[in-house]
Amino acid sequence: MENDRRLIEAAFPIKQTSIDSVHEKNVRHGHISTLHIWPARRPLAAARSALIATLLPDPGTESERRKLVKKIGGEVKTETTKSGKVKESTEGGVLHWKREDNPEMDEFRERIREAFDGQAPKVLDPFAGGGAIPLEAMRLGCDTTAIDLNPVAWFILKCTLEYPQKLAGKERTLPDFALEDADFVDQYLKKQGLTPAKRRDTLRGLGLTEGDALSTQQVMFSDMNQIPDADLSWHVRAWGKWVLDEARKDLAEFYPTYAHFETAEKPAERKSDELKRVPTHNDGTLDMEPLNGEYGDDYLDDDTNPRWVAKPTVAYLWARKVSCKSCRATLPLLKTQWLCRDGDKRIRLTIEPKEDGSGVTFGIERDVPKGIGQDLTSGTMSRSGATCPCCGTTMTMADLRAEGKAGDLEQMMTSVVIDGPNGKEYRLPTDEERASTDRAEAELENLFDEIPFGVPTEPMPGENALGMRIPKYGFKEWKDLFTSRQLVALGTFVKHTRRVREAMKSFDYGPAWREGISAYLASSVDRFADYNSNLCNWDNNSEYITHTFQRFALPIKWDFSSVNPLSGSTGAYDGALDWISRYVSHALQATNGEVTVQQQSATSQLPSDLDAIVTDPPYYDAIPYSDSMDFFHVWLRRSLHGLSEEFDNVFSEPLSPKWDHGKEDGELIDDASRFNGDQERSKQAYEDGMAEAFERCYEALNDDGRLCIVFANKSPDAWETLVSAVIRAGFVVDASWPIETEMINRTRAQSSAALSSSIWIVCRKRSETARPGWDNQVLQEMRETLPDRLRQFWDAGIRGPDFVWSATGPAMEAYSKHPVVKKADEPGETMEVSEFLDHVRREVVDFAVGRVLSRNGHADDDAESLDKVTAYYLLHRSDYGLAEAPAGACILYSISCGLSDDALDDQYDLVDISGSTAQLKAWDERSRPQEDSLDPTAPLIDQVHRLMYLWKQGDKASVDAFIEERGLSDHDLFQKVLQAIIELSENAERSLLESISNHFGGQVPTRQQSAEQSELFD
């Protein structure tokens, strides 16, 4: 590459990338996130944008940069909705979902190859995880290598990258059983673009539907060979349907369907509450003939005539149960009694103690009136424990944990969700449904005798493991996360998934096809497992089953739901198959470069002579990757065993790699449970491992290569450690770009140190001739170069903690281009990264506060002399007002201002920090400003609040005395702070502040004049 500088080091489409990344969170069909669960995948838009900007050279002029940035990201368009909300979107560019196939992408692929002398650049992701970054590298035509230590991640990467790349552009005839299925063929022909009329003719020609004789023109469609050959995605669908059909034969008895006697009109009118079980054919499908055979066609054609209407089960709702420690009654553990609370549809589960005191009786109440007391809907569970409906005794959480560890935490079915003509309905379970668990228990041993490794008895993480709460309640083995019937369902799908590989041989599928299809079907089992554990909830607002990994931890669920895998509803097997097939179809269009997938540690030797390494590494204790993904490891091991020698080697161990104390290597996360609870050893192992990984990256890159690292953690310690490790490995940090990637309602973002933006840090190799620097010169350079980048970020609308972190990259260049920075005034001492970052943060704070003080978006030099407490207040108030804010953000602000969060809470009485949230106290909630002995050097915010307190008291003389003593009438900075707070306030607070400001606008009397005025009033 002739130009040593890359585009990402000079310019980047921040706003466009952020808009399209956030939008992507709502995308489903064909998106990589639908292939398989993996924690914290980066948006494809962010990965694509970063890769293009990392691989393309900087054009050299501002005008050319703007053109190139626009070509990548398009233009930002705004519109105001009817509710008054401003909505931003992009127009043009290649980042928005579905624009990845725009013609401009061909131009980018060509320009990237030109930049590397006509060759495909070599790109590596050593922490590839869910595969978003390598997928985009492959799409851009790079020679891509994706590495991860975790076997589940390795499996996902093969499905994400390798199989599409191997089988793209290849088609073959669909198997006979698929071509004999009218619905399947109709769907396939529809996807080929045939009109409804042509599809009907083709189906008739194939003898799949009844109809009149075909014309000569129609007969041409009558041969099955006329059906176009299909790509990989449709063969996955075909064999997935085969698995479902085979599983239905085995599972129909465990998931019975019942019918009500009612009309067929909408809304239906029920004539009887009697339930009849619907018989099934030998293939497990429903047979309504025995129930409605007595009625003629004319009768059934009239929808007003009642008949037996089958209502397939959608889900079974359960509650865990214990015996009350006082009365020994069966105590159901329910968080809520609501079954449905969707608009006017309000249905609840009733609980009545039995007369004999042995337990409770459940009922269904429909049309629950609005305003019903919480005591009738909140269930038996609360934060303190579970209250027995029979005697009122509370079983504490400690009691429940003890019951669980003793093996006495069981479960009971409470209700059943069914699919009726009028929507979802709710009823009590039948005796047969309640007994289904016992029947499934009896089936388990025989079923899993046919499956490698048997029932999943692999041990779960210990109760002190990161993110693991359910082991505290006696869950010791992975099988404990499933009811017996759920295990039977999963085992059945595993059994028939394993049969596919042999069945395909009779249709002459080659090894690549057999392995790829089998792998995608194994992924379908995993997706089904995610909706088929006893950690799934019933969403009573939207009426669907939620999945296990709503967040990447395993908390206990007191009441849970179990899906019917044959139902076709959310969480069922056919839905999993559909999502995965859609992804395969998308991925087949992205195979523009060579791909290599490897299972290895990022600290081992990496491929050499790389042009770019782009990666999203793990962050301390943010996510327990291997412990949570072992949920899937145990099922993949059973589904894939024997598929190839490579699969058997990768999944040779019962669980995924954690930490090998002998080799001092393993998964790089900060989990003290792996070090006998030693927090320091755990933290040190993580930091040493990351440092070693960056050293391997340095060795793997060619001299002109770039390292681009994604960072999304607010912890200053984490940030400083990461940057220190990168610098020690030999890199210069020369750019950072904040890309908003998370929707604000994301659960983890609301309660943790996760950034709403991901910071993409750009590094290049430091010159081997680089010399030590001096702190005074490094700081001067930083202060001269940083403001331009800060203005760019501010104008792009970046605020809050993201603004603080985004400045780090450009600031770090002045520091990191030296192997070490010495202190000019302290011989022998060096300036560490943490000290340098303290200076950087203060510069950023001064910049941001200056914008708040000026109220016009321009700088205000007085910000540098503002006391740190008032600076913090203005930052916090500007970004979050007086509402609750994430504690992580406030901690970052406090550190940036040279304060501790404890001092803000205890010493200054400014912030109320509680758990994961922090909230500024209103002026009249603070005690400090009410003290008569307020220190003359008190922060300006204290002085503003003191004036407000005195003014509110009506003590005008004291107000004037306070102003005179502090010299506030001539204090320009105080006046600016006062005006800034007025702009940030509203209603009564604003009126009070404006009154004070107006008082300043007139001539503030001296103390003697105030006393004389008071005498006149007397």
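The model is predicted, so local features need pLDDT of at least 70, side-chain atom pairs count only at pLDDT 80 or more, and totals for chains, interfaces and linings use all residues. Residues are numbered from 1 along each chain as its sequence is written, and side-chain values use heavy atoms, with hydrogens and water left out. The protein holds 35 helices and 32 strands. Helices (H or I, at least four residues) and strands (E, at least two) are DSSP runs, numbered from the N terminus.

**Overall build**

- The radius of gyration is 33 Å, close to the 31 Å that the globule rule gives for 1018 residues, so the protein is as compact as a globular protein of that length. This radius is taken over C-alpha atoms, and the globule rule is 2.2 Å times the number of residues to the power 0.38.
- Along the principal axes, the C-alpha atoms fill a box of roughly 105 × 80 × 60 Å.
- Of the 1018 residues, 56% are buried. Here buried means under 20% relative accessible area, exposed means over 50%, and partly exposed lies in between (1.4 Å probe, protein chains only).
- Among contacts (heavy atoms within 4.5 Å) with a separation of 6 or more, 71% come from residues 24 or more positions apart.
- The protein has 119 positive and 171 negative charges, and their mean positions are 2 Å apart. Lys and Arg count as positive and Asp and Glu as negative, while His and the chain ends are not counted. The place of a charge is taken as NZ of Lys, CZ of Arg, CG of Asp or CD of Glu.

**Nonpolar cores**

- In soluble globular proteins, nonpolar side chains tend to be buried together. A nonpolar core is a set of buried Ala, Val, Leu, Ile, Met, Phe, Trp, Tyr and Cys residues joined through side-chain atoms within 4.5 Å.
- The largest nonpolar core has 284 residues, and Phe 155, Leu 400, Leu 481 and Tyr 872 touch the most other members. Helix H27 (residues 833-854) gives the most to this core, with 11 residues.
- A second, separate core has 13 residues, including Leu 174, Ala 178, Tyr 188 and Leu 206.
- Leaving aside neighbours within four places in sequence, the contacts of Leu 481 include Met 460, Ile 470, Phe 475, Leu 535 and Phe 631.

**Backbone spots to look for**

- Most residues other than glycine have a negative phi, and most peptide bonds are trans.
- Lys 266 and Pro 267 are joined by a cis peptide bond, with omega about -5°. Pro 267 sits in the loop between strand S5 (258-262) and strand S6 (270-277).
- Ala 40 is not a glycine, yet has a positive phi of about 55°. Ala 40 is in the loop between helix H1 (14-24) and helix H2 (44-55), and is partly exposed at 32% relative accessibility.
- Asp 117 also has a positive phi, near 55°. The loop between helix H4 (103-115) and strand S3 (122-125) holds Asp 117, which is exposed at 66% relative accessibility.
- Just after helix H9, Gly 207 takes a positive phi of about 75°. Helix H9 (residues 196-205) has Arg 199, Asp 201, Thr 202, Leu 203 and Gly 205 as its buried residues.

- Ala 489, in helix H16 (residues 484-505), is buried at 0% relative accessibility. Not counting residues up to four places away in sequence, Ala 489 touches Leu 251, Tyr 255, Phe 528, Asn 532 and Pro 565. Phe 254 is 235 residues from Ala 489 along the chain, but their C-alpha atoms are separated by 8.8 Å.
- Glu 813 lies in helix H26 (residues 808-816) and is partly exposed, with a relative accessible area of 27%. Glu 813 and Thr 285 are 528 residues apart in sequence and 67 Å apart in space, C-alpha to C-alpha.
- Val 911, in strand S31 (residues 911-914), is buried, with a relative accessible area of 1%. Beyond residues up to four places away in sequence, Val 911 touches several residues, among them Tyr 872, Leu 904 and Leu 920.
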